[in-house]
2 protein chains.
Amino acid sequence: MEELRNPADDRREDRRDDVVVDAAALAAELAEEHPADIAEALDEEEPEVASAVLASLPRERQVEVLDLPDFDLSSDLIEALPVEEAVRIVSEMSADRAADLFRWMDEPARSHLFARLPPETQAELNRLLSYPEHTAGSLMTTEFVTVPSTWTVGETLRHIREIERTRETIYAIYVLDPVSHKLVKAVTLRRLITGETGQPILSVAPKHDPITVDPLMDREDVARLISKYDLLAVPVVDQHEHVLGIVTVDDMIDAIIEEGTEDAQKFGGMEALDEPYMEIGFFEMLKKRAGWLSILFLGEMLTANAMQHFEDELERAIVLTLFIPLIMSSGGNSGSQATSLIIRALALGEIKLRDWWRVALRELPSGLALGSILAVLGVARITAWQLLGFYDYGEHWLLVAFAVGATLVAIVTFGSLVGSMLPFLLRRLGFDPASASAPFVATFVDVTGLVIYFSVALLILHGTLL
Amino acid sequence: MEELRNPADDRREDRRDDVVVDAAALAAELAEEHPADIAEALDEEEPEVASAVLASLPRERQVEVLDLPDFDLSSDLIEALPVEEAVRIVSEMSADRAADLFRWMDEPARSHLFARLPPETQAELNRLLSYPEHTAGSLMTTEFVTVPSTWTVGETLRHIREIERTRETIYAIYVLDPVSHKLVKAVTLRRLITGETGQPILSVAPKHDPITVDPLMDREDVARLISKYDLLAVPVVDQHEHVLGIVTVDDMIDAIIEEGTEDAQKFGGMEALDEPYMEIGFFEMLKKRAGWLSILFLGEMLTANAMQHFEDELERAIVLTLFIPLIMSSGGNSGSQATSLIIRALALGEIKLRDWWRVALRELPSGLALGSILAVLGVARITAWQLLGFYDYGEHWLLVAFAVGATLVAIVTFGSLVGSMLPFLLRRLGFDPASASAPFVATFVDVTGLVIYFSVALLILHGTLL
């Protein structure tokens, strides 16, 4: 049998014989397990053992395992299988999973396998692969149930029984106009089985129009719709109201979790890893972290410029430097709070781009209030240290305390405003609001914060310390 | 008719007549809409209009709207309804939603309504309300389908047709031992309808044991299971393998999104809001933000202590102060990256508590590599400014650059290690790892970072600048 991968050296061939024995035993053991558990077991084996086990599993089980949406090994396993086997399995897999497989497979195995697929499967896969990542089109599958609106409940049920095996879900049935093939209604299986066999299918349809999505809709928006309407699947339709495919709820859960991970990593100040932490290569991870870290570092260099600019003041009033870290971090922290609030609210659709001024009107008083709280704490700290004799801030200590307090109010207000407005600005410019990471906001606020601090200090301490 | 709320003043009664007319019209308009859209429309009305509209909707539609998992208004609306109406609706609602309703309702309306419910509904609600928040038990509903394992496919189908209306989902059917009532298998509706009517129900059951959860399992773990096995519902069983209820996939989606929001807000350095940003009260929000902000501020005050401690060095080498913000932020940023990676990996179950040393072994070289990159940038910056004449760092500028570079390597490595270990430590101590927020890590690294900076500088510049 021909292999997709070039046959390895002889040593590997020798090892293979041992592997086959183990694999058959393991396959027999796993055959009755839930596909997700089989996948987990395969994940723990060496790649060649895993592919041998897969090859020894019952046909039906092979397809079920590879059909799992979060089974990362699938492309490696398919590549390791004899090509006839691979073709058979891919043809039986659900279309969305098969498309994922081809997204992940390496050349030349990818083209090699693709060329051997039946023409109609090729056409279907090409269509699915043409949609940009993270859109409804790229997530959808083409195995759904449609019936003409002229059918009865009984006819529909009979049809579903026949085709059940080949469909991703049969819990939603799409009723089409018999002539135009436009989507008329979406019927749930639960309503269908309670209907009278002789009645028309439309008798069990809901009154409202079906909820549909556009193939280019972002997966976050699809998730919001599925969650809002508690759907098990949502049809993807083109501008002529023809159903192109469906996105099912299990794909959505994976998408929501993935989206959450990406957002969390971006907010942490790095590129999204796209792979589990323990599985991503060391240099791959370094690359995703070093980029942002360096950009932030370059941005933060401006703080050195700012400090150089105020060098004279620094030398005259060294006491001011003592509070630089405290003041800078307070601006960064309040900015980080505001940013995380707004990124999440934008992601959930709680607020829209046009709400920016409402948010600004909330953050302005919030920032003033939070800044005042910190100012009180800060002034109390300086006063206490001075009066208790822990440290001597000089004869103008009260003015210094006042300068620190006033700066805190200004900088926390500024941080809250900048932190809350940045996600809006990024979305407006077409970027992901989640890129307004905590470190990004902190860097931005740090530089301006220093300028604010020295300006306020100059104003208050002019003629005394400065 | 008696009302749950004390009747308001006459003016309100007068207004009510107008409201009734509008409400009836709006209700007629909305009656054919999807329940989620009706809920959205009600959300935009004044509370009294909304409750009047709800009262005018068809009975079935009322229950559907209140059954929506994320309909926040439901408790207010139920409180505003005449008590007989409220009792009828609550009895028809799904048990998990009704339990939510009682979680949200205010006294005395809550007890008043509860007392009038049928005893069996009271018992059921009391049981559901007894489970702690965010557990499988608190999320489950008790309307599920069970059949004895002695039944045939045909009997089961007939039974489902009869009871469909009263069940949250009929897509999973739980097959029980006829004597012990223990859970034997879980059958999907799709396999059921493809079975032969005369065959036993077990003929369409999968070979593997049913996937079950414990009532006290955390919702994050339930979500992981539902996602792993692509389930539409998972049964909650007690230690005797009796089914207590089921958690459905739509509840899980809401739980995952909520969990993501909480984690994002905690990571941003505040308490989770628990309410949408635009809806939470101003002082409520302030409270959730001020707490952490003040704690972080108090922690960051230690930077002032550290600076005071190195006051002599500061005065002798003012040039060192120029790089304090740059160095501190680099430590914080690398810590924030590491923390966001580990929090997420822990939340997804990609890594376990016992993996801490593997993570440490990855973060140590990552930190060294990332720190070296920043060190090169930092030294290049100082050299460039010096040689190009932008700024004069003094005769020992090369040593200063070297001190800054060495500190960057040390502090980024330290930041990565602390940032990655903190979530483990928090989980070990029983806290939520997500509390290791970006600001928290930054504060921790800031204080130690200053000490590292001055120690390294003392070591390198001793005898020259210091």
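This passage describes the arrangement of two chains in a predicted model and the contact between them. Residues are numbered from 1 along each chain as its sequence is written, chains are lettered from A in the order in which they are written, and side-chain values use heavy atoms, with hydrogens and water left out.

The contact (heavy atoms within 4.5 Å) takes 120 residues from chain A and 121 residues from chain B. Between them the two chains bury about 11000 Å², with 65% of this on carbon and sulfur atoms; buried area is the accessible area (1.4 Å probe) that two parts lose on being put together, summed over both. In chain A, the most area is lost to chain B by Arg190(A), Tyr277(A) and Arg362(A), together 8% of what that side buries.

Between chain A and chain B, 10 salt bridges are counted, each defined as a side-chain nitrogen of Lys or Arg within 4 Å of a carboxyl oxygen of Asp or Glu. One of them joins Glu164(A) to Arg190(B), with the closest N and O atoms 2.7 Å apart. Helix 15 (residues 282-309) of chain A gives the most to the side of chain A that touches chain B, with 17 residues; helices are DSSP runs (H or I, at least four residues) and strands likewise (E, at least two), numbered from the N terminus.

UniProt annotations, which may be inferred rather than shown by experiment, are given in the numbering used here with shortened feature names. The unreviewed entry lists "transmembrane region" for residues 368-391, 397-426 and 438-461 of chain A. Residues 397-426 of chain A are 100% helix and 0% strand, with end C-alpha atoms 42 Å apart; for residues 438-461 of chain A the composition is 100% helix and 0% strand, and the end C-alpha atoms are 32 Å apart. The annotation "domain: CBS" in the unreviewed UniProt entry covers residues 140-203 and 204-262 of chain A. Residues 140-203 of chain A are 27% helix and 23% strand, whereas residues 204-262 of chain A are 41% helix and 19% strand.

Note on methods. This is a predicted model: local features need pLDDT of at least 70, side-chain atom pairs count only at pLDDT 80 or more; totals for chains, interfaces and linings use all residues.
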